[in-house]
Amino acid sequence: MKINFVKKIEVPVYLAFSGGIDSCVLLDLLLKRKVDVELIVVDHQNEFSDIEVEFTKKVAEQKNLCYTVYKIEKFDGKGSQEAYWSR
C-alpha cells in the first residue's frame with residue numbers, strides 16, 4: 001500500500017497517540033515527511049492507561065518530541081465507557 005500526501009503540512013500536527021499500530025505507523029509517516037508533531041495521549045484511568053502513558057513518554061523521548069497527557073475522569077461503571085467519556 002502506498003500513501004501519498006497531496007501537499008506539504010506547514011503547521012504543527014497534534015497526533016492522538018495510543019501506542020497502537022495505527023498511531024505508530026502514522027507517527028512514522030509524519031516524521032519521515034519531517035512534519036512537526038506533538039503527541040497527545042488520553043489517560044482514561046483504567047487498567048491500560050499507565051502502559052499507554054509510559055509508552056507515549058518513551059516514544060516522545062526517543063524521537064525528541066513534545067507530548068501532553070490529558071487525564072480524564074475515571075469511568076463510573078454506569079452505561080458504556082464511550083458514552084461516559086464523550087459527555
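Me: Which residues of H1 are buried, and what does buried mean?

Reply: Ser 23, Leu 27 and Leu 30 are the buried residues of H1. Buried means under 20% relative accessible area, exposed means over 50%, and partly exposed is in between (1.4 Å probe, protein chains only). Helices here are DSSP runs of H or I with at least four residues, strands are runs of E with at least two, and both are numbered from the N terminus. One caution: this is a predicted model, where local features need pLDDT of at least 70, side-chain atom pairs count only at pLDDT 80 or more, and totals for chains, interfaces and linings use all residues. Residues are numbered from 1 along each chain as its sequence is written, and side-chain values use heavy atoms, with hydrogens and water left out.

Me: How do you know that the buried residues of H1 line one face of the helix?

Reply: Take Ser 23, Leu 27 and Leu 30 again. Look down the axis of H1 and the buried residues fall within an arc of 65 degrees, so they line one face. That arc is taken from the directions running from the helix axis to the C-beta atoms. The face turned away from them carries the exposed residues Ile 21, Asp 22 and Lys 32.

Me: What covers the buried residues of H1?

Reply: The cover includes strand E1 (13-16), strand E2 (37-43) and helix H2 (49-62).

Me: Why are E1 and E3 said to stand at the edges?

Reply: The three strands make an open sheet in the order E1-E2-E3, with parallel pairing. E1 and E3 (66-71) each have a single partner strand, so one side of each is left without a neighbour in the sheet. Two strands pair if DSSP finds at least two bridges between them. As an example, Tyr 14 has Glu 38 in E2 as its bridge partner.

Me: What makes the pair of Phe 17 and Phe 55 a stacked one?

Reply: The structure holds one aromatic pair. In that pair, Phe 17 and Phe 55 sit 6.2 Å centre to centre, with 10 degrees between the planes. Rings of Phe, Tyr and Trp (its six-membered ring) pair if their centres lie within 6.5 Å; planes under 30 degrees apart count as stacked, over 60 as edge-to-face and the rest as tilted, so Phe 17 and Phe 55 pass on both counts and are stacked.

Me: Why does Phe 17 count as buried, and what does Phe 55 count as?

Reply: Phe 17 has 3% relative accessibility, so it counts as buried. Phe 55 has 33%, so it counts as partly exposed.

Notes
Contact = heavy atoms within 4.5 Å.
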